[in-house]
Amino acid sequence: VLTNIKKIADSCLMDPQGTLLNSWSAVWVVLSEDGLEFYKKKIDRSPKGMIPLKGAKLLSPCQDFPKKPLVFKITSEKKQDHFFQASYVEEREFWVKDIKRAITCLEGGKRFARKSTRRSIRLPEVNLTDLYMEMKDQDNGIREIKLEQNNRLFNYCFTGATVVEWMISNGKARNRPEALVLAVGLMNEGYLQPADDMSKEAAESGEQTTFLDDTKALYYFADSGFFCEGYSSDEDVLVKEEFRGNIIKQGCLLKQGHKRKNWKVRKFILRDDPAFMHYYDPSKGDDPLGSIHLRGAVVTAVEFVPDAKKYDVDGNLFEIITAEETHYFLQAATTEERKEWIKAIQVASKSGK
């Protein structure tokens, strides 16, 4: 039984036998109780390989690739090194935290499972998704503000104490300990993200309380427009007009090139107001290869692509036609994923600048 299924949307993989390949390749990764399985595609039934976690060691960030801060390394009990690269910092941290927890459970003879808030609090059954949406409500939710710490300005964030106090004042928890457990659950599910060094250290500590009820610990909503100014690092978001919109959706898609018509894996980040879709090479830094301005664009599912070779197309195709009549052809991993992308792009194209 898989206790935790996650995808490194644009992750990259080195040869599982430890032989260094000339390039990275995107894979679908599944974390189970005792190992890490990786597949060539999400729909594949059989994995390409499996890394046993018993006796394994995890290193993050990985110094083997100093210019690739999103890489982490797993060394198996047999001293084989396996390298993975996430799409963005938060995704790397999610994986590192859960893999470390799985390794710790194996060392202690315990069964690994993501922590559940429902077993820890004396409250009616909690739907974390509904709770998250209430927290984001513009009128009655948590207010996103600018906060300055250590010569850095954090935009669209809030403190850990603010989260706890909001839950109590809105009847979601009776006291601070119960509110803290709910906050940890939201962190584990990826709804809340650590923003500053203090909150990030707590999230990576492996302790039971990974969320801090503190006026100095900063957090932000996963799909907000959070960005940090005044400090240059790989974790900062480029502060440009087209990057200021809220992130609606992000993930891995195949994109057809405009010149050679070949298909390559690209990481896509969709933002609204202004409505832009940026795409990146997952193996090369944080600078986008290009952007698609979606204001007034049309997106539809298609069954074939002009000039594309049949063996290059697996299906789940869709096309974006911009207001300037530029055509982009993309492939999703599944039919459901294609529907999600089309719906999200349609919403973004009707709003923003």
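Tutor: Gladly! Let's start with a pair of helices: the crossing of α3 and α4 is right-handed.

Student: What makes the crossing of α3 and α4 right-handed?

Tutor: A crossing is right-handed if the near helix is turned clockwise from the far one by less than a right angle, and left-handed if anticlockwise. The crossing of α3 and α4 falls in the right-handed class. Helices here are DSSP runs (H or I, at least four residues), strands are E runs of at least two, and both are numbered from the N terminus.

Student: At what angle do α3 and α4 pack?

Tutor: Helix α3 (residues 160-169) and helix α4 (residues 176-188) pack at about 115°, with axes 9 Å apart. Axes are lines fitted to C-alpha atoms, for helices over the stretch in contact, and angles run from 0 to 180 degrees between N-to-C directions.

Student: Which residues of α3 and α4 make the contact?

Tutor: Among them are Val164 and Ile168 of α3, and Leu182 and Leu186 of α4. Contact means heavy atoms within 4.5 Å. By class, this contact has nine nonpolar, no polar and two charged residues. Ala, Val, Leu, Ile, Met, Phe, Trp, Tyr, Cys and Pro count as nonpolar, Asp, Glu, Lys and Arg as charged, and the others, Gly among them, as polar.

Student: How do you know where confidence is highest and lowest in the chain?

Tutor: This is a predicted model, where local features need pLDDT of at least 70, side-chain atom pairs count only at 80 or more, and totals for chains, interfaces and linings use all residues. Residues are numbered from 1 along each chain as its sequence is written, and side-chain values use heavy atoms, leaving out hydrogens and water. pLDDT is the predictor's confidence in each residue, from 0 to 100. Confidence is highest in α3, at 95, and lowest in strand β1 (residues 12-13), at a mean of 39. The chain averages 79, and 80% of the residues score at least 70.

Student: What is said of residues 115-122?

Tutor: Their pLDDT stays under 50, and the model has 17 contacts beyond four places in sequence for them.

Student: Which residues does a cis peptide bond join?

Tutor: Asp273 and Pro274, with omega about 5°. Pro274 lies in the loop between β15 (263-272) and β16 (276-280).
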